[in-house]
Amino acid sequence: MQIMVTGCAGFIGSDLCEYLLAKKHEVIGVDNFNDYYDPNVKEFNVSEYKNNQRFKLYRVDITDRVALWKVFDENNIEAVVHLAAWAGVTESIKRPKVYVDSNIAGTNNLAEFGIQNSLKNFIFASTSSVYGNNQVPYKEEMNTDYPLAPYPATKKAGEVLLYTYHVNFDLNVTIFRFFNPLGPRLRPDLALPKLVRAAEYGYNFTLYQGTDSARDYTCIDDMMDAIHAVLKKPFGYEVMNLGNSDPVKLQEILESVERVTGKRIKIVKGYRPGQMQITAADISKARKLVGYNPAVTLDQMVEKYFEWFIKQPEWYKKGEESWMK
Ligand SMILES: NC(=O)c1ccc[n+]([C@@H]2O[C@H](COP(=O)([O-])OP(=O)(O)OC[C@H]3O[C@@H](n4cnc5c(N)ncnc54)[C@H](O)[C@@H]3O)[C@@H](O)[C@H]2O)c1
């Protein structure tokens, strides 16, 4: 099957490309290598598989309609896994326009060109942050009209826009609301890589919320299997949480990293607007529809990440002070 993966040079996209190539699919990767974080990291992410015979890389911005049309025209794309986005809650409050352009207009371009090219299956990466201040555990049918920042607002807009492509053009659409995935090539701006770099290289770790704030960390391998299940068997229109249903306090992940690295982490205090205190998924729908069954503990996820991290080149492991913001 020929599958377009947008955001192929990012954290989840690069892991997904590797996963799909191992399953012998043809992958059309699209990414503009933007500077939300160091583009060298993105070059590094794709370096593992960019020469694979079944992989084609397009350095294309999904808001560039001429360039994006060419990608559809030159290929025979049966499914799109749309991961390209400006992610990150705090940055979206500072720079809402880039989020609106990439996450809403870019999503529309993909769906519009998709239906004009007989696309059969569209999988969209949404986020737990659409739930805003709802009570945990979050269920898919909850009201998500009150997100706390432009980033989740653009994701909610993408979900709703894609619904209209489903009702008007019969496009099969599955929305996955991701909850803090952990795995190789994690974005440098996320908590686990920052904690590991702080432990290994003595950087300060900035605590933006209390150590009792909690996240529903999710193993990326389980997410890949769920995406693959929908690639094999599309739904008409479904929204599904992909979390772990087991929120972990920041204090626990901090202690886990100290245990795994054998080093202490220096903490300083900071503040970030738009953050949720806790995220936790009700995953009964994904269990039922795609056989999703997460079973990996936080310690196992941290150990696995660290095992991968220590094998990477020194420039990547050490990173830069600016990656710790
Ligand atoms: N990592 C998480 O914790 C998390 C949680 C919930 C949802 N998500 C969603 O999952 C997806 C992947 O997230 P990630 O953590 O891998 O982020 P990432 O920033 O590592 O990857 C996103 C990629 O998309 C590319 N991109 C952004 N705008 C683009 C555009 N206009 N044209 C082409 N490429 C563009 C970026 O260059 C980047 O490589 C995103 O849609 C994100 O919103 C991530």
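Leaving aside neighbours within four places in sequence, V248 is in contact with A214, R215, Y217, I253 and L298, where contact requires C-beta atoms, placed from the backbone, to lie within 7 Å. The model behind this picture is predicted: local features need pLDDT of at least 70, side-chain atom pairs count only at pLDDT 80 or more, and totals for chains, interfaces and linings use all residues. Residue numbers start from 1 along each chain as its sequence is written.

V248 lies in strand β12, residues 248-249. Strands (E, at least two residues) and helices (H or I, at least four) are DSSP runs, numbered from the N terminus. V248 counts as buried because 20 C-beta neighbours lie inside 10 Å; the label "buried" applies when 20 or more other C-beta atoms, placed from the backbone, lie within 10 Å of a residue's own, with exposed meaning 12 or fewer and partly exposed the range in between. One of its contacts, A214, is 34 residues away in sequence, yet the two C-alpha atoms are 5.0 Å apart in space.

Turning to the sheet, seven strands form an open arrangement in the order β3-β2-β1-β4-β5-β6-β11, with parallel pairing. Two strands pair if DSSP finds at least two bridges between them. β3 (55-58) and β11 (237-242) stand at the edges with a single partner strand each, so one side of each is left without a neighbour in the sheet. Neighbouring strands are turned by 15° against each other on average, direction ignored. Within this sheet, β5 and β6 (residues 172-178) run parallel and are joined by seven bridges; in β6, N172 is the bridge partner of N121. Helix α5 lies across β1 (2-6), β4 (79-82) and β5, and runs at about 175° to β4. Such angles, from 0 to 180 degrees, are taken between N-to-C directions of lines fitted to C-alpha atoms, for helices over the stretch in contact.

UniProt, in an unreviewed entry, places the feature "domain: NAD(P)-binding" at residues 4-304; its annotations may be inferred rather than shown by experiment. That span is 43% helix and 17% strand, and its end C-alpha atoms lie 28 Å apart.

Terms used: Contact = placed C-beta atoms within 7 Å.
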